[in-house]
Amino acid sequence: MKTVNLITGAVVLVLVLAMGYEALQLRYYTPLGPGPGFFGVWLAVIGAVLAIGTIVAAARSPAKPLPANFWPESAGWLRMGGVLLGLALLALLLETVGYVIMSFLFLVAVMFVMGERRVFVNLPVALAGSFGVYYLFVHLLQTRLPAGIFGV
Amino acid sequence: MGDFGFFLDGLATAMQPGNLVFALIGCTLGTLIGVLPGIGPVAGTAILLPIAATLDPIPAIIMLSAIYYGAMYGGTITSVLMNVPGEAASAITCIDGHAMARKGRGGAALTIAALGSFIGGTTASLGLVFIASSLSQLGLRIGPPEFFGLIMIGLALVVGMAGNSLPRTLMSAVLGLFIGMIGIDPVMGAPRFTFGMMDLLDGITLATMAMGIFGVSEVLSNVERQVGGSMVTKVESLTITRQDAKDSAAPIARGTLIGFLLGIIPGMNAVVPTIVSYSIEKRISKTPEKFGTGMIQGVAGPETANNAHANAALIPLFTLGIPGSPTVAILMGAFMMQGLSPGPFLFQSHPDIAWAVISSLVVGNVMLLILNIPLVPVWIQIMRIPPPILMTGILLFCVIGVYSINNNVFDVWMLIIFGVVGYVMRKIDMPIAPMVMTVVLGPLIEQSLRQSMEMSSGSFMVFTTRPIALVFILVAAAILVLSTWKMVAPVRGADSEV
C-alpha cells in the first residue's frame, strides 16, 4: 500500500493546491469579515499539510505487497469499462437521441456486459425500463425526460 | 378550552373518512416519491400542489403534509436495499443500512427504520401540540452565531468518526468542504471554483454526489468481481429480534431529541440531524469500529432523527409563519392558495383547520407505520432480483434521478465522475461518509460565520458575547480535542501505516 498512499497524497496535494490557487484569486478579507477566498485558502493549507504528511509517512513506511484481490482481473476491468462506457454514451446522446431509445440500448448493453444474456429476460426488462419508466415519469409524475430528435 | 381540547377536536376532524383517505393517498404517494431517486419531497409536493388546490383546505393540506413525511421514509427503502439514497436525508442510512441488507438483514433495517420514524415523527407532532409556543421562542434565539456553533458541533462529530486513519478522514472531509464551496459565494454572490463552467454556478447537488459516490461506485465495486448469484447470501427473518429492539431503543430516543430540537430551528437542513445522530451513535458506541458493517444503531438513530426533524420543521410554520425548509415553503404555498396565512393568527382565524392539520400529523404517522411494516417483505424482494438486472436498473434510476433535478445532462456527467471517485476511495480505504457530510456542513458553517461577522462589524467577539453560541463552540472544541486525543494516544510509539 506504500505506492497507493504515495499516489493518494500526491493527488490530494495537487487538488488542494489548485483549489488554494483559485481561492487566492478571490477576496480574502473584507472590512466586515472573511471574504469569499478566506475558507478556500485555509482549507488548502490544511489539506496540503495532510497530504504532505501522508506522503512523508508513506515514504518512511516499509514496502508491503498489495492485498491479493486489490486489482480486478481482466474480465473485471472489461465489465467496469463497459459500464462506464455505457454511462458515458448515455450522457452524451441522451438529449440528442432521446430517453426511450438511449435507455433501451443502455439497459440491453449493460445487462449483457454484466452477464445477463438471455434475450427473453434482457429485452422485456429493457422495454419496461425504457417505455415503462418514460410513461411513469413523464405522464404520471409530470417530470420532463428528453424526447430527442425522434420525439421519444 | 385549552390546547389539548382543540387538539381532540382537530383529531375528530382528521379521523373523518374523507380526510383519512387523503392522508392515506399522501402517505402512499410520499413513500413512492421517496423511493424514486431524484424526485424528492420538494418536487413531489410541488407537482401535486395544483391538484391540492382543487380540494377543500383540510384534505388538501393533510395530503401534502403526508407526502412530505412519507417521502422521508420512502428514501430509506432504496438506501437500505440498493445503497442509493432516495432523497438526500437518507444518504447516511446507506452506510449501515445497506451493509445490513447485504448480510440478509434488510428487513430488520427497514422495520426498525419504520418504527423509529413513527416514534420520532409522532413525538415531534405531539411536541407541536403541547409545547410549540415555548419552543418557537427558543428557535427565534438561534441566530447566525448560534447556528455556527451548532454546525461546528456537527463538524467535530464528523472528525470524531475517524476510524483507524485520522489523516484519511480529514482529507475526505477537506475535499468535501471544497466541493461544498463550488458555485456562488453565499454572502457576496461571487462565483467560486467554477473554472469558467456555467454549469458549476449552481454548485454540485448533494443528491448527485450521493448517488454517484454511493450508488454508482457500489455497482462498479460489484462488477469488478464475477457478477452472479444474489446480492445477499441469505434472507433472514424479516422481523426484528429482541436484541435489535434493545440496541435500537436508546438511538431512537436520542434521534427523536436531535431531530426535534434541530427541526424547530428555521433553515436547518434535513440532512444535518441525520449526520449528528449517526456521529453521536458511533461516538458513544462500545464498538465504533463496527459502524459501517451493519450496525442497527446506524439506521435507528438517523432515520428517527430524519422523521422527527420533518415533523418538527412544521413548528416554525405554524407558530411563526416561517417556512423552515423548501418543502415546508411549498406547504406554506398550499396554505396561501387556500386563502390562509400560516402563523399565530391561523389559530385565531381558522382554529378548526389549524388543529385538524396538526392532528392529522399524528394520524399520518400511525398510517405510515401500518402501511409500510407489512410492505417490508414486498420491498425486500428487490434484493432477490438477479444482480445484472438490479444493478443496471440502479444505474438507470440514478441517471434519471440526477437528470430530473435540473434537466441538465451535466449532472449525469457529475454522477459518473463521483461514481469513479467513490470506487477509488473504497479501493484506497478513504472513508466516504466524511466527504458527504462536509459537503452539507461546509456551506452552512461558512455562511453562518460570515453572517455573524457582518452582524458584529467584523469582530470575532460575537461568539463570546452570546452565551448560547459560546457554549456550542466550547462543546465542539471539547469533542474535537477528545476525539483527536483518543485517536492519537493509542498509536504513540507504535508503527502506523497511514
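Two residues are in contact when heavy atoms of theirs lie within 4.5 Å. By that criterion, and leaving aside its neighbours within four places in sequence, B:D185 is in contact with A:P36, B:A190, B:R192, B:E446 and B:R450. The structure is a predicted model.

**Chain B as a whole**

- Chain B contains 23 helices and two strands.
- Of the 498 residues in chain B, 60% are buried.
- When contacts in chain B between residues at least 6 apart in sequence are considered, 78% of them join residues at least 24 apart.
- One of the helices, α13 of chain B, covers residues 297-312 and has 16 residues. From its first C-alpha to its last it reaches 22 Å, close to the 22 Å expected at 1.5 Å a residue.
- Helix α13(B) is mostly covered, with 16 of its 16 residues buried.

**The contact between chain B and chain A**

- Chain B contributes 58 residues to the contact and chain A contributes 65 residues.
- The size of an interface is often given as the accessible area lost when the parts come together.
- Between them, chain B and chain A bury about 5,700 Å², and 78% of this is on carbon and sulfur atoms.
- There are zero salt bridges between chain B and chain A.
- Seven residue pairs, both residues at pLDDT 80 or more, are in polar contact between chain B and chain A.
- On the side of chain B that touches chain A, the elements giving two or more residues are α9 (166-181), β2 (191-192), α10 (206-223), α19 (387-406), α20 (409-427) and α21 (433-455) of chain B.
- Helix α19(B) gives the most to that side of chain B, with eleven residues.
- By class, the side of chain B that touches chain A has 42 nonpolar, six polar and ten charged residues.

- B:D185 is placed in the loop between β1 (183-184) and β2 of chain B.
- With a relative accessibility of 2%, B:D185 counts as buried, because buried means under 20%.
- The side chains of B:R450 and B:D185 form a salt bridge, with 2.3 Å from N to O.
- This pair links distant parts of the chain: B:R450 is in helix α21 of chain B, B:D185 is in the loop between β1 and β2, and the two are 265 residues apart.
- B:R450 also counts as buried, at 1% relative accessibility.

**Other salt bridges**

- Over all chains, a search of the whole structure finds twelve salt bridges.
- In chain A, A:R118 forms a salt bridge with A:E116, the closest N and O atoms being 2.9 Å apart. A:R118 is partly exposed at 41% relative accessibility, whereas A:E116 is buried at 4%.
- In chain B, B:E224 forms a salt bridge with B:R225, with the closest N and O atoms 3.1 Å apart. B:E224 counts as buried at 7% relative accessibility, while B:R225 counts as partly exposed at 30%.
- Salt bridges that share partners join B:D185, B:R192, B:E446 and B:R450 into one network.

**B:I213**

- B:I213 lies in helix α10 of chain B and counts as buried, at 0% relative accessibility.
- Leaving aside neighbours within four places in sequence, the residues in contact with B:I213 include B:F418, B:V421, B:M425 and B:M435.
- B:I213 and B:I322 are 109 residues apart in sequence, and their C-alpha atoms are 34 Å apart in space.

Definitions and conventions: Residues numbered from 1 in each chain as written. Chains lettered and ligands numbered in written order. Predicted model: local features only at pLDDT ≥ 70, side-chain atom pairs only at ≥ 80, totals over all residues. Heavy atoms only, no water. Buried area = accessible area lost by both parts, 1.4 Å probe. Salt bridge = Lys/Arg side-chain N within 4 Å of Asp/Glu carboxyl O. Polar contact = N/O pair within 3.5 Å; in protein donor to acceptor, adjacent residues only side chain to side chain. Helix = DSSP H or I, 4+ residues; strand = E, 2+ residues; numbered from the N terminus. Nonpolar A, V, L, I, M, F, W, Y, C, P; charged D, E, K, R; others polar. Buried < 20%, exposed > 50% of the residue type's maximum accessible area, 1.4 Å probe, protein only. Expected span 1.5 Å × (residues − 1).
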